[in-house]
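Subject: The model I promised you

Hi,

Here is the structure I said I would pass on. Have a look at it, and then read on for what turned up.

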Amino acid sequence: MSNPTRSARSPAAADHERVSWMGAALREAEKGAAAGEIPVGAVVVSPEGKILSRAHNRPVTANDPTAHAEILALRGAGRRTGNYRLPGCRLVVTLEPCPMCAGAAVVARVAEIIYGTPDPKGGAVSTLYRIASDPRLNHRAAVTSGILAEECASLLTTFFRSRRSVPRS
Ligand SMILES: [Zn+2]
């Protein structure tokens, strides 16, 4: 397993818990790939460590540019808890969140964002921006990266490789 890195404010949780949550997010990502979506999966975990919602990327099937796995999982957790904020919850996602999803996680007041593999072209919690750690915003979330990183990345690599090998119609 790769070495996770985390910010100093990361709330207490054992690595094996993070790995188990990421496993659930990976299974969602696989469902996305099967549906022809970029394979990204997300779950939201309650402060007690229970999975509240699961989702995979759906922008293509939903004709919705905002239907990223994280947005759908945050919405699901809000509905499940009957709360428009998710204090103490964790957003667990296979790929580093984009600016939209990082912003949504801050608005939702999640305690921690856990991601698998960095996104050099869109990552907004470590790579290109640090939206969840920006002191100018009114909430900050801890960030933990590198959980099941190889598995998360290889799902994406395999997906894009298979798409490139399909002749365009
Ligand atoms: Zn996103």
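Let me start with the helices over the sheet: α3 lies across β2, β3 and β4, running at about 150 degrees to β3. Angles here run from 0 to 180 degrees between N-to-C directions, with axes as lines fitted to C-alpha atoms, for helices over the stretch in contact. Helix α1 (residues 15–34) lies across β2, β3, β4, β5 and β6, at about 140 degrees to β2.

Before you go further, a caveat: this is a predicted model, where local features need pLDDT of at least 70, side-chain atom pairs count only at pLDDT 80 or more, and totals for chains, interfaces and linings use all residues. Residues are numbered from 1 along each chain as its sequence is written.

Overall, the protein chain has five helices and six strands, in the pattern β-α-β-β-α-α-β-α-β-β-α along the sequence. Both kinds of element are DSSP runs numbered from the N terminus: helices are H or I with at least four residues, strands E with at least two.

Now the sheet. The six strands make an open, mixed sheet in the order β1-β6-β5-β4-β2-β3. β1 (5–6) and β3 are at the edges with a single partner strand each, so one side of each has no neighbour in the sheet. Strands count as paired if DSSP finds at least two bridges between them. β2 (residues 41–45) and β3 run antiparallel, joined by five bridges, and Ala42 has Ala55 in β3 as its bridge partner. These two strands form a hairpin with five residues between them, and Gly49 in the turn has a positive phi of about 95 degrees. β5 pairs with β6 (residues 142–145) in the parallel sense over four bridges; there, Ile113 stands opposite Val143 in β6.

What about burial? Buried means 20 or more other C-beta atoms within 10 Å of a residue's own, exposed 12 or fewer, and partly exposed in between, with C-beta atoms placed from the backbone. Of the 169 residues in the protein chain, 42% are buried. Strand β3 (residues 51–56) has five of its six residues buried.

Helix α4 (residues 99–107) is worth a look too. Cys101, Ala102, Ala104, Ala105 and Val106 are buried there, and the buried residues of α4 pack against α3 (69–81), β4 (90–95) and β5 (112–117). A contact, by the way, is two C-beta atoms, placed from the backbone, within 7 Å. Just after α4, Arg109 takes a positive phi of about 65 degrees.

Cheers
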